[in-house]
Amino acid sequence: MANPRNALQPGAVRPRGTSRQSQAHPGVSPLHPVAHRNTSFQPLPRPLGLPPYHYDLAEHFPALAKNIKQKMVFHVVGDSGGVKEGQFQTNVAAQMIDHLTSGDGPKPQFCYHVGDVVYFTGMRDDYYAQFYEPYAHYDVPILSIPGNHDGEVDDPTAQTSLDGWVDYFMQANPDVDPISKDAPRVQLNLPNVYWTLITPLATIVGMYSNVPEGGSIDSTQQQWITHEFATAPKDRALILALHHPIYSFDVFHSGSSKMADVLESAIRDTGRVPNLVLSGHVHNYQRVEQTIAPDGPTPFIVSGNGGYHNLHAIHSNVGDSAPDTNAVLKYAVEAYGFMTLTIDKQTISGVTTEVDRSGNVAQGDSFSYSAAPIVLDDPKSVPTL
């Protein structure tokens with residue numbers, strides 16, 4: 001008798017994405033019986049306060065904010081947890097630390113982590129080896145949104161979703177957790193797992209795209225994102241950060257049409273277009289452009305190369321346009337590293353530092369885009385993303 005359609009077949013593996021496209025599939029992720037872990041949608045921890053979950057840099061780091069009158073410089077890193085081969089994370093962290101003290105020009109004032117701080121299931125006991133110790137001498141704040149591995153739960157009797165992340169990043173009364181041992185770092189009091197960073201030069205709206213492949217959010221978070229787009233100050237840049245990328249030219253995860261729908265809905269309802277979209281999840285670096293507004297392309301950055309050992313291959317060449325979305329791949333590299341963003345009133349510019357498997361360091365991508373706020377005259381004209 002034939003097996004049911006959804007039965008496990010001997011030797012089966014997870015389905016492979018369509019070659020040369022920038023999103024894994026055009027709609028809702030298809031159900032598939034082959035899975036190696038619990039990737040269901042996870043409940044969220046209770047916020048520290050009430051919406052809209054704003055975190056003002058000047059309020060929480062006044063000395064730091066005084067130096068951001070004309071220019072803001074910060075690191076962006078993602079998927080950093082060195083769970084199997086920690087030297088790759090250590091090599092990247094060493095370059096980030098070195099950047100704080102060497103060379104000319106302004107130094108980074110903080111780090112924005114785009115998720116997957118700790119593998120594989122974000123357990124508190126793994127934070128020393130994958131977070132506290134590697135960044136022991138990185139003496140500026142590390143802010144974060146969670147990634148899918150931060151929220152995964154392998155054994156519900158041993159942990160709840162995001163408990164390790166909350167124990168460092170979301171404490172009402174920040175202190176030094178004893179688990180940090182000889183690498184003490186004072187906890188943060190971020191207001192929620194999705195939250196908005198208020199700075200003098202940019203508003204950074206940080207989503208939490210939860211655990212399922214391709215990401216998933218509820219209607220409450222969608223309403224919050226739309227509110228943040230609608231009320232973001234119109235005298236500075238708007239940046240959206242989320243873990244699961246909207247576009248990716250890799251062979252393993254690809255981009256997410258579900259997260260594209262989230263952004264498209266927010267733009268359609270408000271007319272506000274982000275100047276830059278940051279993400280991780282895919283273990284490489286990519287810069288992708290998509291035309292949303294008539295003033296010029298919107299950059300979508302994948303910065304998921306912070307140290308997790310398994311890098312993901314790229315299936316396309318720089319300059320290729322994805323047939324499914326018309327997104328264009330502008331730069332890509334299969335190497336570890338991080339990005340340095342510099343924002344002033346006129347521009348958002350970035351450079352990347354690349355670190356190969358042997359620890360050799362090179363400068364990678366460089367770019368510059370306008371920081372002028374982008375508002376569509378006709379919000380309904382936003383294309384399908």
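Rings of Phe, Tyr and Trp (its six-membered ring) count as a pair if their centres lie within 6.5 Å; planes under 30 degrees apart are called stacked, over 60 edge-to-face, and the rest tilted. By this rule the count comes to 21 aromatic pairs. Two of them are set out below.

| Pair | Type | Centre to centre | Angle between planes |
|---|---|---|---|
| Y127 and F131 | edge-to-face | 5.8 Å | 65° |
| Y132 and Y168 | edge-to-face | 5.8 Å | 85° |

This is a predicted model, in which local features need pLDDT of at least 70, side-chain atom pairs count only at pLDDT 80 or more, and totals for chains, interfaces and linings use all residues. Residues are numbered from 1 along each chain as its sequence is written, and side-chain values use heavy atoms, with hydrogens and water left out.

The term pLDDT stands for the predictor's confidence in each residue, from 0 to 100. Its mean over the protein chain is 93, and 92% of the residues reach 70 or more.

**The rings**

Helices (H or I, at least four residues) and strands (E, at least two) are DSSP runs, numbered from the N terminus. Y127 and F131 are four residues apart in helix α4, so about one helical turn separates them. Both Y127 and F131 are buried, where buried means under 20% relative accessible area, exposed over 50%, and partly exposed in between (1.4 Å probe, protein chains only). The other pair links distant parts of the chain: Y132 is in helix α4 and Y168 in helix α6 (residues 163-169), 36 residues apart. Y132 and Y168 are buried too. Ring pairs join Y127, F131, Y132, Y135, Y138, W165, Y168 and F169 into a cluster.

**Helix α3**

Which residues of α3 are buried? They are F88, Q89, V92, A93, M96 and L100. Seen down the axis of α3, these buried residues fall within an arc of 130°, so they line one face of the helix; the arc is that of the directions from the helix axis to the C-beta atoms. They pack against β2 (72-77), β3 (110-113), α4 (127-132), β13 (336-343) and β14 (347-355), with contact meaning heavy atoms within 4.5 Å.

**Residue H244**

H244 lies in the loop between β7 (237-241) and α8 (257-270). H244 is buried, with a relative accessible area of 1%. Its side chain makes a polar contact with the side chain of S209 (2.7 Å). A polar contact is a pair of N or O atoms within 3.5 Å; within protein, one must be able to donate a hydrogen and the other to accept it, and residues adjacent in sequence count only if both atoms are side-chain atoms. The side chain of H244 also reaches the backbone oxygen of P212 at 3.3 Å.
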